[in-house]
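Trainee: I have some questions about the terms used for this model. Can we go through them one by one?

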Amino acid sequence: MVLPLQSAPSSPADVANQIDQIWALLVQVFGPAGPFYAVIALGVLLILIALPLALRREKDPLERFSFRDDRLDDDLVRLREGTDDGSLRSLAQYLEPKTEQELSQTRTDLRAAGYKARSAVRLYFLAKASFGLLGIIVGLLLTLVLPEDPDVVFAVIMSVAFGLFGYFLPIYWVKRQGAVRRESIENNFPDAMDMMLICIEGGQSLDQSMARVSVEMQASSSPLAEELMIVTQEFRAGKERSAVLRDFGHRCNVSDISSFVTVLVQSQQFGTSVAQALRVYASEMRDKRLMRAEEKANILPTKLTLGTMFFTVPPLILILVGPSIITVIRELANFR
């Protein structure tokens, strides 16, 4: 039996001819930007194929044993920092910064926004990459639905613009959430100080007063209540009091709380009365909040003046000067 001879490999000319035919077909179907669409589609397909392989995790043999403790469902336990739920652990080397400084800064920003788990860093970078890729796809789809055939330059500009928008969207969201969280803590902290002072003067310790205030502040400011819960749990765990208070000020990133921590630490070091220190500091916090409100009220007339200038003066000038301009134009036209 004689085996059939295998055909010789295609020559470079044949390969180039096939590429030209595919290029012409893409241009004919999708327009001048058809090859660019094909490259992006191939990249997305490769990412979708590689993603399940990257997320695949070998099963731990110990998972068949049940070590679950019902106490882990406690709300106060879930407030602990540094907990890792294992999300995207297999992609940690790709989704976490290589330098310790950048990783620490990212964690600080996420904690300020209310995301305290260790996996939040990985989810944050995955969100940036996902939204960037989604933005590129949206930009390409918009170029496809346009009535006119776009060229390659226009398709690249649209995809890059939407890709950058999607990439920076999680960054803006985290910064915005951090600003909202800090504003909520800053506005409600004087009320928390007053309640804490009442609890201490009623005979409770600093730990008990913070625990009580954290419960009472749930309705008005959940971020501040959550931070006070963390402080309470760290006190109960036996952590050093000054370290707990300094971590509290670092997490909140609010100047008022940093000053409050300094007052408590100095009161502990010098042995002065905590109630007296809180009474003076609470009065200062109320005055400071009143001054912030007065500052915003004083800025309001300036903002209204700018709005009046931009939205009232130009129409008024157009109404007053418009007829004269039209008359001058007509006179010039008749003179010519």
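Mentor: Start with the disulfides: the structure holds zero. Keep in mind that the model is predicted.

Trainee: What makes a cysteine pair a disulfide?

Mentor: The two sulfur atoms must lie within 2.5 Å. The count of such pairs here is zero.

Trainee: Why is Cys199 called buried?

Mentor: Its relative accessible area is 15%. The cut-off for buried is under 20%, so Cys199 qualifies.

Trainee: And why is Cys252 called buried?

Mentor: Cys252 has a relative accessible area of 3%. That value is under 20%, so Cys252 is buried as well.

Trainee: What makes a set of residues a nonpolar core?

Mentor: The residues must be buried, come from a nonpolar list that includes Met, Phe and Leu, and be joined through side-chain atoms within 4.5 Å. The largest such core has 31 residues. Phe189, Met196, Met210, Phe248, Ile257, Phe260 and Leu278 have the most contacts inside it.

Trainee: Which elements give two or more residues to this core?

Mentor: They are α7 (152-201), α8 (206-216), α9 (222-236), α10 (241-252), α11 (255-270) and α12 (274-311). The largest share, seven residues, comes from α7.

Trainee: Which residues does Phe260 touch?

Mentor: Leaving out residues up to four places away in sequence, Phe260 touches Phe189, Met193, Met196, Met210, Phe248, Leu278 and Tyr281.

Trainee: How does a pocket differ in its definition?

Mentor: A pocket is an open set of points, with protein on both sides within 12 Å along at least five of seven lines. The second largest pocket has a volume of about 300 Å³. Its lining has 19 residues, and Gln105, Asp109, Leu110, Val174 and Lys175 lie nearest its centre. α5 gives the largest share of this lining, eight residues.

Definitions and conventions: Residues numbered from 1 in each chain as written. Predicted model: local features only at pLDDT ≥ 70, side-chain atom pairs only at ≥ 80, totals over all residues. Heavy atoms only, no water. Buried < 20%, exposed > 50% of the residue type's maximum accessible area, 1.4 Å probe, protein only. Helix = DSSP H or I, 4+ residues; strand = E, 2+ residues; numbered from the N terminus. Contact = heavy atoms within 4.5 Å. 1 Å grid on protein atoms, 1.4 Å probe; cavity = no way out; pocket = protein on both sides within 12 Å on 5 of 7 lines; lining within 4 Å. Points joined across faces, edges and corners; volume = space filled by probe spheres on them.
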